[in-house]
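Please report on the fold and surface of this protein chain. Keep it brief.

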Amino acid sequence: MCMAITNLFVVLQQAAASQQAAVVEQATQEQSYLHLAMKGGWILLPLFILSIVAIYVIAERWMAIGRAGRKDKMWFPNTSALIREGAIQKALQACEQSVNPSAKVVATGLKEINDDIENIQELMEVEVRQQVASLERQMNYLGIIASVAPMLGFLGTIFGVIKIFYNISMTNNLDISTISDGLYQKMICSGVGLFVGIIAYSGYYLLNGKIDKVVARMDKEVNDMMRAIRYYKQNVQQ
């Protein structure tokens with residue numbers, strides 16, 4: 001019985017030692033990865049800032065465009081019916097209460113319902129452009145980041161090559177230990193720059209695809225509302 005307890009105690013000690021060694025090894029490995037990343041040099045700071053800006057813009061625009069793209073199944077038929085019935089104030093109130101970009105365009109036309117149909121249509125076309133510009137807000141930042149981040153990475157590559165030749169000239173020795181720091185900086189900067197650029201580039205085109213869908217639906221809804229406004233104007237003139 002004592003022998004069994006002793007063996008169990010030895011096994012538990014070995015397991016605890018193995019677990020502690022694994023934790024130490026993992027911490028050392030994580031520390032070495034961080035130390036390796038820091039070899040990229042100061043050029044990683046602007047790349048890190050650009051990555052934060054890109055992620056923020058993508059997240060903010062994704063939510064904003066998602067809200068604008070939600071289809072209000074009740075607003076369109078109700079507002080169209082109100083306009084045809086001549087209840088312009090109720091239709092305008094329904095448009096002002098909606099967050100749909102199409103509703104804002106129609107509201108612009110309804111506010112000038114007594115003008116000529118050509119003036120109403122022109123005002124609504126201007127508002128459509130305003131709504132599209134609102135959807136595309138901050139998108140230019142993603143285009144800039146997608147272009148600038150890889151160039152910053154390439155700039156870090158140049159600095160790494162300069163560092164390699166400088167170390168060789170100072171030591172007069174072409175050895176892996178002499179050129180390793182420059183190679184680390186060269187490869188890390190290139191990789192991080194490309195990674196940030198890919199994030200911004202992908203986000204830019206994904207968001208543009210969502211905007212195109214919202215604009216296409218907005219054009220259809222506004223055109224249908226224009227037909228309702230023409231119908232109302234014709235009845236008023238008669």
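Is valine 53 buried, partly exposed or exposed?

## Valine 53

Valine 53 has a relative accessible area of 32%, so it is partly exposed. Buried means under 20% relative accessible area, exposed over 50%, and partly exposed in between (1.4 Å probe, protein chains only). Valine 53 sits in helix α2.

## Basis

This is a predicted model: local features need pLDDT of at least 70, side-chain atom pairs count only at pLDDT 80 or more, and totals for chains, interfaces and linings use all residues. Residues are numbered from 1 along each chain as its sequence is written, and side-chain values use heavy atoms, with hydrogens and water left out.

## Fold

The protein chain has eight helices and zero strands. Helices (H or I, at least four residues) and strands (E, at least two) are DSSP runs, numbered from the N terminus. Of the 238 residues in the protein chain, 35% are buried.

## Nonpolar patch

Leu45, Phe48, Ile49, Ile52, Val53, Tyr141 and Ile144 form a nonpolar surface patch, with about 670 Å² of accessible area together. Areas come from the Shrake-Rupley method with a 1.4 Å probe; for residues, only the protein chains shown count as cover. Like charges are joined within 9 Å, nonpolar side chains (Val, Leu, Ile, Met, Phe, Trp, Tyr) within 5 Å.

Helices α2 (44-68) and α7 (139-171) each give two or more residues to the patch. The largest share, five residues, comes from α2.

Technical notes:
Patch = residues over 30% accessible without salt bridge, like charges linked within 9 Å, V, L, I, M, F, W, Y side chains within 5 Å. Salt bridge = Lys/Arg side-chain N within 4 Å of Asp/Glu carboxyl O.
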